[in-house]
Amino acid sequence: MDQRAVRLKATAIGFTAVLMWAALALFTALTGKVPPFQLLAMCFTVATLIACVFWLIRGENPLSYMRQKPMVWLLGVGGLFGYHFFYFVAIDNAPTVEASLIAYLWPLLIVIFSALLPGERLRWFHVAGALLGLGGAALLVTRGQSLELDPRYSFGYGAACVCAVTWSGYSVLSRRFGSVPTEAVGGFCAVAALLGVICHLLFEETVWPDGMLEWGAVALLGLGPVGGAFFTWDYGVKRGDIQALGASSYAAPLLSTLLLILVGLAPFTAVVALACLLIVGGAVLASKDMIFRRKTPQSNTKEEE
């Protein structure tokens, strides 16, 4: 398999994380009144158990994946737990619409920050595609209404900005640690679960899921959006087209909205249709180099000095 095929496969695997994140809103809504940090701890525990099952099936020693440099642990745990921590702080201290939109700057920031990576080149269509995706996400979040930033909620807006920088920084820097195996994400999830328990005990009252539906939703969150997705995302950003992945991440709020429409929890409107065009168009534009690049004949592959 040539390098381009490997890159394309890794990008496709990374995009499965975006598909899983599309179910985040629906599954979270089905968990009932479970508080955020408790839910986060439960989901990361499920994700850790997933990693343990794989380690046992493959007969591997989990300690071999846990022996990482402190900087790797700081990046992994800081990315997974830090993103959610600052998102919860933002939502608690600012209107949900504005906080969510600011937090969703992370795909655009991934595209921009990727220019700092060795071997990556930021082109106009990468930025243009990400901006189109951001426009589509803005339409979905605001439902086509105007957006007003109230200075009273500056702290919440600031937390949302930190949230966006945290996840984009984690995603881009993960590529700099490409030799760290994706299996190590299981260890990051275990520590994130522990931190979630600590925050829950400090800030929340325990509310357990009520009935099989809510427990099932928690399990599905841990298997997908708040668990399994982190493994496939890690693989994608380390080996795939990180700029295409960044821009295509705006598909998550779109697919989430379409899923809610499908189950009857949201209406289909002209705003949703326009957002769909912007996000899909932006993803295709940002991926132009990967999708439409023609193979160079063997006789002409020698690069100019």
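This is a predicted model: local features need pLDDT of at least 70, side-chain atom pairs count only at pLDDT 80 or more; totals for chains, interfaces and linings use all residues.
## Helices α3 and α5

Two packed helices are described by the angle between their axes and the distance between the axes. Here, α3 (residues 36-57) packs against α5 (residues 70-93) at about 160°. Their axes lie 11 Å apart. That angle makes α3 roughly antiparallel to α5, because angles over 145 degrees count as roughly antiparallel. The crossing of the two helices, α3 and α5, is right-handed.

Which residues meet? From α3 come Pro 36, Phe 37, Leu 40 and Phe 44. From α5 come Leu 80, Phe 81, His 84, Phe 85 and Phe 88. By class, the contact of α3 with α5 has eight nonpolar residues, one polar residue and no charged residues.

## Helix α10

Helix α10 runs over residues 185-203, which is 19 residues. At 1.5 Å a residue, α10 should span 27 Å. The end C-alpha atoms of α10 are 26 Å apart, which agrees.

The buried residues of α10 are Val 185, Gly 186, Gly 187, Phe 188, Cys 189, Ala 192, Ala 193, Gly 196, Cys 199 and His 200. What do the buried residues of α10 pack against? Their partners are α3, α4 (63-66), α5 and α12 (228-239).

## Ser 248 in helix α13

Ser 248 is found in α13, which covers residues 242-248. Is Ser 248 buried or exposed? Its relative accessibility is 8%, so Ser 248 counts as buried; the cut-off is under 20%.

Leaving aside residues up to four places away in sequence, Ser 248 touches Phe 15, Val 18 and Ala 283.

Conventions: Residues are numbered from 1 along each chain as its sequence is written. Side-chain values use heavy atoms; hydrogens and water are left out. Axes are lines fitted to C-alpha atoms, for helices over the stretch in contact, and angles run from 0 to 180 degrees between N-to-C directions. Helices (H or I, at least four residues) and strands (E, at least two) are DSSP runs, numbered from the N terminus. Angles under 35 degrees count as roughly parallel, over 145 as roughly antiparallel, 65 to 115 as roughly perpendicular and the rest as oblique. A crossing is left-handed if the near helix is turned anticlockwise from the far one by less than a right angle, and right-handed if clockwise. Contact means heavy atoms within 4.5 Å. Ala, Val, Leu, Ile, Met, Phe, Trp, Tyr, Cys and Pro count as nonpolar, Asp, Glu, Lys and Arg as charged, and the others, Gly among them, as polar. The expected span of a helix is 1.5 Å times one less than its number of residues. Buried means under 20% relative accessible area, exposed over 50%, partly exposed in between (1.4 Å probe, protein chains only).
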